[in-house]
Amino acid sequence: MSRIADKAGRLPVGLRSTVLSLLFGKLVPFLSTAGLRFEQVGHEQLTVSIRNRRKVQNHIKGVHAAAMALLAETATGFVVGMNVPDDKLMLLKSMKVNYTKRSQGNMRAVARLTPEQIQLMHDTEKGDVLVEVTVTDESGESPVQCEMVWAWIPKKRPQPQA
């Protein structure tokens, strides 16, 4: 993910979000289906948004609860993916989502990692991290509070000793 973001970072500012959204949508096709848009991609902070349009709406014309959770999961997962070494596999370990109020309009999720969390991913064979994420709607309020814990493990399983 980091290599893709680095290459897209060389593009003109107006094209970056579109190109990143298309390329990341190829990695995880469901993101394209939901229409998620990658606004800012970095190692310490990543921003993803979703427009309140019919295909992601609930029965009261707001962004569906599952789409809000997807937004938070995507932002946190991709910021972890920007930092986990290539020889590690990342997995969502737990997801806690509390809906606190009705959302208004489009939504945005901003996920953040500290330099210490990033260093931990590079220094340890396996582990997990609680990724800070803030999800806001057009009013600037947070209609949902989320806790996402991501884990990483080696891609290759240790071979049993003969």
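Modeller: Happy to! Let's start with a term: a residue is called buried under 20% relative accessible area, exposed over 50%, and partly exposed in between. Keep in mind that this is a predicted model.

Biologist: Okay, so is Leu-89 buried, exposed or partly exposed?

Modeller: Leu-89 has a relative accessible area of 39%, so it counts as partly exposed. You will find Leu-89 in strand β3, which covers residues 88–99.

Biologist: And what does Leu-89 form together with Leu-91 and Ile-153?

Modeller: Those three form a nonpolar patch on the surface, and their accessible area together is about 210 Å².

Biologist: Let's zoom out. How many helices and strands are in the chain?

Modeller: The chain has 5 helices and 6 strands. Reading from the N terminus, the order is α-α-α-β-β-α-β-β-α-β-β.

Biologist: How much of the chain is buried?

Modeller: Of the 162 residues, 38% are buried. The chain exposes about 9,500 Å², and 53% of that comes from carbon and sulfur atoms.

Biologist: What about contacts between residues at least 6 apart in sequence?

Modeller: Among those contacts, 66% join residues at least 24 apart.

Biologist: New topic: charges! How many salt bridges does a search of the whole structure find?

Modeller: The search finds 4. As background, side chains of opposite charge can pair when their charged atoms come close.

Biologist: Which residue does Lys-93 meet in a salt bridge?

Modeller: Lys-93 meets Asp-128, with 2.6 Å from N to O. Lys-93 lies in strand β3 and Asp-128 in strand β5 (residues 127–137), so this pair ties together parts that are 35 residues apart in sequence.

Biologist: And are those two buried or exposed?

Modeller: Lys-93 counts as exposed at 54% relative accessibility, while Asp-128 counts as partly exposed at 34%.

Biologist: Where does Arg-112 lie, and where is Glu-132?

Modeller: The side chains of Arg-112 and Glu-132 form a salt bridge too, at 3.4 Å from N to O. Arg-112 is in strand β4 (residues 107–112) and Glu-132 is in strand β5, so the pair links parts 20 residues apart in sequence. Arg-112 is partly exposed at 29%, and Glu-132 is partly exposed at 45%.

Note on methods:
Residues numbered from 1 in each chain as written. Predicted model: local features only at pLDDT ≥ 70, side-chain atom pairs only at ≥ 80, totals over all residues. Heavy atoms only, no water. Patch = residues over 30% accessible without salt bridge, like charges linked within 9 Å, V, L, I, M, F, W, Y side chains within 5 Å. Areas by Shrake-Rupley, 256 points an atom, 1.4 Å probe, with all protein chains shown as cover. Helix = DSSP H or I, 4+ residues; strand = E, 2+ residues; numbered from the N terminus. Buried < 20%, exposed > 50% of the residue type's maximum accessible area, 1.4 Å probe, protein only. Contact = heavy atoms within 4.5 Å.
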